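Keep the 3D view open as you read.

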Amino acid sequence: MAKQELISSRQNVKVKNWRKLHTAKGRKQQEQYLIEGTHLVQEALQHKQTVLEVMVTPDYLASAEWQMIESLMPRSVSPILIAPDVAQTISATETNQGILAVLSLPEKTTTWAPSGKKYLLLDKVQDPGNLGTMIRTADAAGFDGVVMGNGTVDLYNDKVLRATQGSVWHLEIVTTDLAHAYQALREANITIYATALHQEAIAYQAVPDRDKVAIVMGNEGQGVAAEWIEQADHAIYIPMFGQAESLNVAIAAGLLMFQFAK
């Protein structure tokens, strides 16, 4: 590998552009997003994501982890050497691992039709950690995809990506209006279960259909909007046995998805 010039200035144009990828506006303008850490970069390369740039510190370039990453990198991508303080400037974590990468944002789709049997639908979920955890759990439970309704936090937020631990590239993830998603699910004969707390809801253990299902989870404070509960095939709830009024949405989604796990 040819010797690389070290980027040591935080005012470097590339550094400024990388930092902009921490905002939704910056990601949209550049049509790119940023990931960091050995595991995420490895996952991206192994799952054939479009990796545009890989930035590493001198210490990381001398590590065994780099040898593994280098073996996965396409020939068209060469590492960009950055100073440790530049890496920290670009990083969204308190202690970065010395490796970051820029990926191309996938093209947005205007239509969606389910190709599998089990989906998680999200109505205005706002917390990045919750979204990332639910995607990771959907992957673990063998779900085919996650449908993010309008108003849900940006999938390419750095906290979301870290929380997915690479599962973001393991299953189908789309952003679309829930009205369109409901229609597409009905056309595929997939039963829609919306989480709710009203009297007509049934306990999740008693659901009649477990083969082709879509579970709708809602906003952390407001839950699933009334219109999506009304339009679902069934409303379901998780019985509480202690004094807590509710569960964290990611925990609740995990319980429900594993109830329907393959």
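Predicted model: local features only at pLDDT ≥ 70, side-chain atom pairs only at ≥ 80, totals over all residues.

From α3 come T38, V41, Q42, L45 and Q46, and from α5 come E65, M68, I69 and L72. Sorted by class, the residues of this contact are five nonpolar, three polar and one charged.

Now find the two helices themselves. α3 covers residues 38-46, and α5 covers residues 64-72. Two numbers describe a pair of packed helices: the angle between their axes and the distance between the axes. For α3 and α5, the angle is about 20° and the axes lie 9 Å apart. Angles under 35 degrees count as roughly parallel, so α3 and α5 are roughly parallel to each other. The crossing of α3 past α5 is left-handed.

Helix α7 runs over residues 128-140 and packs on α11 at an angle of about 10°, with 9 Å between the axes. This angle makes α7 roughly parallel to α11. Which hand does the crossing of α7 past α11 have, left or right? It is right-handed.

Which residues of α7 and α11 meet? On the α7 side they are N130, T133, M134, T137, A138 and A140. On the α11 side they are V249, A250, A253, G254, M257 and F258. This contact of α7 with α11 has eight nonpolar residues, four polar and no charged.

| Space | Volume |
|---|---|
| Largest pocket | About 880 Å³ |
| Second largest pocket | About 550 Å³ |
| Largest cavity | About 60 Å³ |

Start with the largest pocket. Its lining has 29 residues, and L105, P106, K108, Y156 and T175 lie nearest its centre. Two elements, α2 (24-30) and β7 (172-175), each give two or more residues to this lining. Which element gives the most to the lining of the largest pocket? It is β7, with four residues. By class, the lining of the largest pocket has 13 nonpolar, nine polar and seven charged residues.

Move on to the second largest pocket. There, 24 residues form the lining. T195, L197, G223, S246 and L247 lie nearest the centre of this pocket. The elements that give two or more residues to its lining are β11 (234-237) and α11 (249-259). Of these, α11 gives the most, with three residues. The lining of the second largest pocket divides into 13 nonpolar, nine polar and two charged residues.

How many cavities of 30 Å³ or more does the structure hold? There is one. The largest cavity is lined by H22, L34, I35, E36, L40, A92, D158, L161 and R162. At least two of the lining residues come from β1 (32-36), and at least two from α8 (158-164). One of the lining residues, L40, falls within the span of α3, residues 38-46.

Terms used:
Residues numbered from 1 in each chain as written. Heavy atoms only, no water. 1 Å grid on protein atoms, 1.4 Å probe; cavity = no way out; pocket = protein on both sides within 12 Å on 5 of 7 lines; lining within 4 Å. Points joined across faces, edges and corners; volume = space filled by probe spheres on them. Nonpolar A, V, L, I, M, F, W, Y, C, P; charged D, E, K, R; others polar. Axes fitted to C-alpha atoms, helices over the stretch in contact; angles between N-to-C directions. Parallel < 35°, antiparallel > 145°, perpendicular 65-115°, else oblique. Left-handed = near helix turned anticlockwise from the far one by under 90°. Contact = heavy atoms within 4.5 Å.
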